[in-house]
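Hello,

Here is the structure I promised to pass on to you.

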Amino acid sequence: MYSPVATPAEARVDLAAIRHNVALLKERAGGVEVMGAVKADAYGHGLVPTSEAVLEGGASRLGTAFVREALELRAGGVSAPILSWLITPGEPLDEALAAGIELSAADARLLDEIAAAARRTGRTARLHLEADTGMSRGGSPLAAWPGLLERALALRAEGVLEIVGLWSHFACADLPGHPSIERQLEAYETALKLAEQVGAAGSGVIRHLANSAAAVTLPAARFDLVRPGIAMYGLSPIPELGDFGLRPAMTLTARVGLVKRVTEGSGVSYGHLYTTERETTLGLVPLGYADGVLRHATGRAEVLAGGRRRLIAGRVCMDQFMIDMGDDPLSAGDEVVLFGPGDGGEPTAQEWADTLGTITHEIVTRIGARVPRVHVNVTKGTSRRA
């Protein structure tokens, strides 16, 4: 494990902010059950300690994309219900069932693969069936939905699986008023009615559709459970509507590695895309595109250094970038803040996303593994690990 004292950079994760955000989202969603989406290392925030904070904040379930993420949670001591929804052939389904991981399926092939694992292990699979209501990504098309239900019911009759959820996913919930939203709601209702007609729905079967954006703006989409992702980390799912009272959890910092004085007309970094206009002080920041600082942040994104915002000067390199301090003081070891909540005048992840033409999801999930996650505001029951 990295020591924060010895590393040139760190991503500080405020677990109190995570807990606050989950509680806020649960209240905003009318108190329905919350499944916290913690895929992709909890959106780059550190899987196990962040997941524990999500549960402490009021979530009762967790969701991961891959089985291996769910198994990592179990290995870390997390016992809450976990759903894994992106399952390709050859996944460790025996291990998943032995660990009590709930699984998602959208076609007969996967149903049969899960059933085979259930027979081998003697463990009844807990299954969520996914309907494609208009995103055309995962899920069973509605035309194939009756066949999927029929196969699932046959396997349920055999005793190898239990249907515990019926779900789908929005394509455009972050675009309020988009016509696809109502169409998807109607398609989901149709999928539910078909399931009810054949006995695949009812008491104990969880209906879930709403992501972060739908959880805060679409009461009709909340059903039995909401699945917030980006909002749990304090980043707005619909930035044009504001922050919804969410608190950003991650602050990305680095310690200056080198300070030097250069002359007027000095070309800086690869390609000399930046040339100094006068004698000036340059600072080297030891983070680069290998750590998730996008290369096209060159000359566009700002950081906080020496009490002021500074543009990245010259090309972002694999391991480092430069800032131009002018005549302001800077010393090796001084902290530079790339983004954070904004409380100290630093840029926010939303500002970085807007500047670089992307979304906050990409900004936080791209932060590489060699940047340690340092968790603060840890409770007694929360692990503190990088």
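**Around Pro-347**

Pro-347 touches Glu-302, Val-303, Leu-304, Arg-309, Val-337, Leu-338, Phe-339, Gly-340 and Trp-352, with residues up to four places away in sequence not counted; contact here means heavy atoms within 4.5 Å. Before I go on, two notes on conventions. This is a predicted model, in which local features need pLDDT of at least 70 and side-chain atom pairs count only at pLDDT 80 or more, while totals for chains, interfaces and linings use all residues. Residues are numbered from 1 along each chain as its sequence is written, and side-chain values use heavy atoms, leaving out hydrogens and water.

Back to Pro-347: you will find this residue in the loop between strand S19 (335–339) and helix H10 (349–356). Helices (H or I, at least four residues) and strands (E, at least two) are DSSP runs, numbered from the N terminus. Pro-347 counts as buried because its relative accessibility is 2%; buried means under 20% relative accessible area, exposed over 50%, and partly exposed in between (1.4 Å probe, protein chains only). Ala-301 is 46 residues away from Pro-347 in sequence, yet their C-alpha atoms are 8.8 Å apart.

**The cores**

Phe-339, one of the contacts of Pro-347, has a list of its own. Beyond four places in sequence, Phe-339 touches Met-250, Thr-251, Leu-252, Glu-346, Pro-347, Thr-348, Ala-349, Trp-352, Ile-363, Val-364 and Ile-367. The largest nonpolar core holds 120 residues, and those touching the most other members are Leu-103, Leu-129, Phe-321, Phe-339 and Trp-352. A second, separate core has 5 residues, among them Val-262, Val-268, Leu-282 and Met-322. A nonpolar core is a set of buried Ala, Val, Leu, Ile, Met, Phe, Trp, Tyr and Cys residues joined through side-chain atoms within 4.5 Å. In soluble globular proteins, nonpolar side chains tend to be buried together.

**The whole chain**

The protein has 11 helices and 20 strands, and its C-alpha trace spans about 80 × 45 × 40 Å along the principal axes. Of the 386 residues, 53% count as buried. Of the contacts between residues at least 6 apart in sequence, 65% join residues at least 24 apart.

Helix H3 (residues 47–56) is largely enclosed by the rest of the structure, because 8 of its 10 residues are buried. They are Leu-47, Val-48, Pro-49, Thr-50, Ser-51, Glu-52, Ala-53 and Val-54. Just after H3, Gly-58 takes a positive phi of about 130 degrees.

In helix H8 (residues 179–197) sits Gln-184, which is buried at a relative accessible area of 2%. Outside four places in sequence, Gln-184 is in contact with Thr-133, Gly-134, Met-135, His-169, Phe-170, Ala-171 and Cys-172.

**Some loops to look at**

Most residues other than glycine have a negative phi, and most peptide bonds are trans. Phe-244, not a glycine, has a positive phi of about 60 degrees. Phe-244 belongs to the loop between strand S10 (225–226) and strand S11 (250–255) and is buried, with a relative accessible area of 17%.

Ser-269 also has a positive phi, near 70 degrees, in the loop between strand S13 (267–268) and strand S14 (274–275). At 24% relative accessibility, Ser-269 counts as partly exposed. Tyr-270 lies in the loop between S13 and S14 and is exposed, with a relative accessible area of 59%. Apart from neighbours within four places in sequence, Tyr-270 is in contact with Arg-315 and Cys-317.

Finally, is Val-256 buried or exposed? Val-256 is buried, at a relative accessible area of 4%, in the loop between S11 and strand S12 (258–262). Leaving aside neighbours within four places, Val-256 is in contact with Leu-284, Leu-330, Ser-331, Ala-332, Gly-333, Asp-334 and Val-336.

Best wishes
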